[in-house]
Amino acid sequence: MKHLLKLLALTVTAAFCFSTEPKESSPGAKPVADPPGIHNLYLLGTNVYSGSTPENESAFEALAKLGIKTLISVDGAQPNVAAAKKFGLRYIHLPHGYDGISTNLQLTLAKASTELPQPIYVHCHHGKHRGPTAAALLCITKDNWSAEQAEQWLHAAGTSTNYPALYQTVRQFKRPSAHQLSAHPSHFPETARVSGLVDAMVAIDETWENLKSIRAAGYETPKNNPDLKPANQAVILWEHYRESQRLADSAQRGTNFLALLRKAEAEAKTAEELLRQHVTEATSELRPHLEAAFDSISKTCTSCHRQFRDN
């Protein structure tokens, strides 16, 4: 995260409205006003941006207007390469998990910071955890950030301390030598193959985000997203959990993992039944049951993540 030129900061501020959520800054990391379809946008050091997955074509257009040349996604979801190309943006897909970044991928990210057209926009889904970690490696490499500076950036970005491996990654990463970078292959795929379980978890995460929007709307269809039907989203969620149980990747994680998937499936089915009931009889007595059902789903997700994803 590096200091912005004052002129650039003024230009960006004038172009977009600020996010409703205040963003912190840290040495070398400056919050930038979020354009439509982008969240948690920061300018780091020289020519590195960090934020969330672009949600629509307007988001890609906004990134292009910022001067972005290359997008690096570290999220498991397949990037929207076609939308990026429409606005002259190159996509690179280098996904990693919440359990840190492998040594090989660290070097690939470092090499990307020296070889790919800049400015570079690094993103994960929400722009708070995996993306900021990867962006920090770029800044350590090209802008000689210290480990302390990188860790301060993670705190500013909102990276959860529930993901200790992400913090450990930036603490232990050393700026590669010119020889290390030249010896490392320049492999920058537009899309990367990920396991079936990763795809399933991405789909679960997206559906759960939809259900959280429904909850915020009083268990009704959100006004800003009329295509979201509450009970249908619950069905999609429990179907994702059911299909996940059939994957070889899931079986390899053992009986406890499968049991959590079954538990989550049952909880999503309960939520579906209550949401259907809510359509016909939205009584005050029903609301606590809906709250409890959604809380149960959230707690099961957290428990599963703690055991199988975060460490």
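Visitor: Quick one to start: is Tyr219 buried or exposed, and what about Phe294?

Guide: In this predicted model, Tyr219 is buried, and Phe294 is buried as well.

Visitor: What kind of pair do the rings of Tyr219 and Phe294 make?

Guide: Their centres lie 5.0 Å apart with the planes at 75°, and because an angle over 60 degrees counts as edge-to-face, that is how this pair is classed. Tyr219 sits in the loop between H9 and H10 while Phe294 belongs to helix H13, and the two are 75 residues apart, so the pair links distant parts of the chain.

Visitor: And which cluster do the ring pairs build there?

Guide: Ring pairs join Trp208, Tyr219 and Phe294 into a cluster. Trp208 and Phe294 form a tilted pair, at 5.8 Å centre to centre and 35° between the planes. Since Trp208 lies in helix H9 and Phe294 in helix H13, this pair ties together parts that are 86 residues apart in sequence.

Visitor: How many aromatic pairs are there in the whole structure?

Guide: The search of the whole structure finds six.

Visitor: Switching to H10: what do its buried residues pack against?

Guide: They pack against helices H9 (196-216), H11 (248-252), H12 (255-280) and H13 (286-308). Among the buried residues of H10 are Leu237, Trp238 and Tyr241.

Visitor: Now pockets: what is the volume of the second largest pocket?

Guide: The second largest pocket has a volume of about 200 Å³, and of its 14 lining residues the closest to the centre are Leu94, Ser102, Asn104, Leu105 and Thr108.

Visitor: How do the residues of that lining divide?

Guide: The lining of the second largest pocket has six nonpolar, eight polar and no charged residues, and helix H4 (residues 103-115) gives the most to it, with three residues.

Note on methods
Residues are numbered from 1 along each chain as its sequence is written. This is a predicted model: local features need pLDDT of at least 70, side-chain atom pairs count only at pLDDT 80 or more; totals for chains, interfaces and linings use all residues. Side-chain values use heavy atoms; hydrogens and water are left out. On a 1 Å grid over the protein atoms alone, a cavity is a set of points where a 1.4 Å probe fits but cannot get out, and a pocket is an open set with protein on both sides within 12 Å along at least five of seven lines; lining residues have an atom within 4 Å of a point. Grid points are joined across faces, edges and corners, and a volume is the space filled by probe spheres set on the points. Helices (H or I, at least four residues) and strands (E, at least two) are DSSP runs, numbered from the N terminus. Ala, Val, Leu, Ile, Met, Phe, Trp, Tyr, Cys and Pro count as nonpolar, Asp, Glu, Lys and Arg as charged, and the others, Gly among them, as polar. Buried means under 20% relative accessible area, exposed over 50%, partly exposed in between (1.4 Å probe, protein chains only). Contact means heavy atoms within 4.5 Å. Rings of Phe, Tyr and Trp (its six-membered ring) pair if their centres lie within 6.5 Å; planes under 30 degrees apart count as stacked, over 60 as edge-to-face and the rest as tilted.
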